[in-house]
Amino acid sequence: MDRQLSEIFIHTENLAFSYKDEEGKIESPALRGISVDIREGEYVAVLGHNGSGKSTFAKLLNLILEPTEGRLVVDGFDLTDHELTDEEVLALRRKVGMVFQNPDNQLVATIVEEDVAFGPENLGVPMPELRERVDRAIETVGMTEYAQHEPHRLSGGQKQRVAIAGVIAMLPKCIIFDESTAMLDPGGRREVLDTIRMLNREQGITVLNITHYMDEAALADRVIVINDGELLMDGTPDEVFAQRDKLQSVGLEVPQCAELVHSLRESGFAIEGEALSTVEGCEEMLFSAIEKIVG
Amino acid sequence: MKGVSFGQYYPSDSILHKLDPRTKVIMAVFYIVCTFVCKSAAGFLALTLSALALVFISRIPLRTILRSIRPLLFIIAFTSLMNIFFTQGERRLTPESWVISIYVEGLWSALFMTLRIMILIVGTSLFLTYTTTPIALTDALENLLGPLKKIRVPVHDFAMMMTIALRFIPTLSDETEKIMNAQKARGSDLSSGSLLKKAKALVPILIPLFVSAINRAFELAAAMECRCYHGGEGRTRLKVLRYRTRDWVAMLTILVFFAGIFALRYVPWLYIMG
């Protein structure tokens, strides 16, 4: 499938959110006004340390939390200019799916395929189509042989793939992953990241991956860094990782290979190039620099 | 506690397992009524034979089933003794001079009560717990109680709560074990001391368990909202329950059986309960 980056899918203008205490008084704001455009088919990583507001940002996008200020437009539909009806909220949540951190706390049914069916069942998808959607979603995440299993007997990565299948069975345009790999072992993370990449590349689904892992951010087309409720950086992984000091000042580390290039440059080695986000890119930059020195 | 099996479901592919869960609920109800309607020796003979036939059809080992009766042996023994010693009748067995009076009628009613309790347990567990998964049972009850929705009984909500409870039993039992190990690692002693001391030792396990269960509930609620859950209205189902020929045959059989047991009330063979 050709990837089209023309249509803007999510548009936010000074989007802000504050938690309220029990008396309805506003506590310190979690998000202080974020303006960003996300295009259809983009793979965006949202970075930030704990408490930076990145998860709050994600929860605003499908109205699990209601923005206190600012404008939010999803798929050409303004969600902040009027009181939304229940149908409008449901339509939004069908378009923008979400996968959470803890795989155990988002599976509802006791059989894998019934859990995957949960979303489309809620949407009232009628029978032959429901079956097709469920089977296709399970196949997409490679869990066909586990369709009749009980979720609690699966590994963390497998459970998370079931959760993803549950979202794609609703045929969303965009999926938000809210630290979906944080509780997984390296193998499970790999499984989930491969699935995310495949959904973006092959199905054209817009992906927002909320994470604090730098190596996951490196896989995205674009990285947004949120700090203290504000947008700090926005660019390709290469551009963001070039600003090591700025990242460090907000408690984030660049990937190890980028760190190596930065340190060498600081010690006076001339290394040309910007491909900081991949190991291969850094390797090539170092290689050509060494070649130059050796002559 | 991995692989903990809740309930007593015994996987097999017998005809009893394959029946629609609603059929089994209906049959269980009729079967229970049968045991209470039954008053004659002929009737109890028929009931006992039918229970044995059910065991045979279900292909569940008799030993497994008898094990489920064991916890109730005390109650069975108690009711039997009460019946033997306190039933008044006409044919006294013990000499008039004895204080203890035992009548033939007492022996019969003790036998009938024992059979009644045992058949009640075996029958219901064969129709329900042994051959039907808890989740299928929940679906069946939601479906059968569906008409109550018209008088605003939240049938769907109860069924959903039941489903979620069943889904989280293994998760929470794993968690309990983790917390217990964590507390043991800090030197808490769970297995010795008086009953009161043991009960007190449970507090540091129950509190973290409740906190975590409540947190899980919040997260699950958000996840369900994200997947467009908005109650039972307009929901379709992947697995739709459907009555097949075998279900109609089974229901007809239980009806005929019920009529038979009713008729046997009046067959004067050996004994009819007063």
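Contact here means heavy atoms within 4.5 Å. The model shown in these views is predicted.

**View 1. Chain A meets chain B.** In this view, 38 residues of chain A are in contact with 29 residues of chain B. Together the two chains bury about 3100 Å². Carbon and sulfur atoms account for 57% of that area. Three residues stand out: A:Asn105, A:Asn122 and A:His152. They supply 22% of the area that chain A buries against chain B, more than any other three residues.

View 2. One pairs B:Arg227 with A:Asp115. Their closest N and O atoms are 3.3 Å apart.

**View 3. Helices on the chain A side.** Elements α2 (86-95), α3 (112-123) and α4 (127-140) of chain A each give two or more residues to the side that touches chain B. The most come from α3(A), with 11 residues. By type, the residues on this side of chain A divide into 18 nonpolar, 11 polar and nine charged.

View 4. A:Lys95 lies in helix α2 of chain A. Is A:Lys95 buried or exposed? A:Lys95 counts as buried, because its relative accessibility is 17% and the cut-off for buried is under 20%. Neighbours within four places in sequence are set aside here. Beyond them, A:Lys95 is in contact with A:Asp75, A:Pro172, A:Lys173 and A:Cys174.

Note on methods: Residues are numbered from 1 along each chain as its sequence is written. Chains are lettered from A and ligands numbered from 1 in the order in which they are written. This is a predicted model: local features need pLDDT of at least 70, side-chain atom pairs count only at pLDDT 80 or more; totals for chains, interfaces and linings use all residues. Side-chain values use heavy atoms; hydrogens and water are left out. Buried area is the accessible area (1.4 Å probe) that two parts lose on being put together, summed over both. A salt bridge is a side-chain nitrogen of Lys or Arg within 4 Å of a carboxyl oxygen of Asp or Glu. Helices (H or I, at least four residues) and strands (E, at least two) are DSSP runs, numbered from the N terminus. Ala, Val, Leu, Ile, Met, Phe, Trp, Tyr, Cys and Pro count as nonpolar, Asp, Glu, Lys and Arg as charged, and the others, Gly among them, as polar. Buried means under 20% relative accessible area, exposed over 50%, partly exposed in between (1.4 Å probe, protein chains only).
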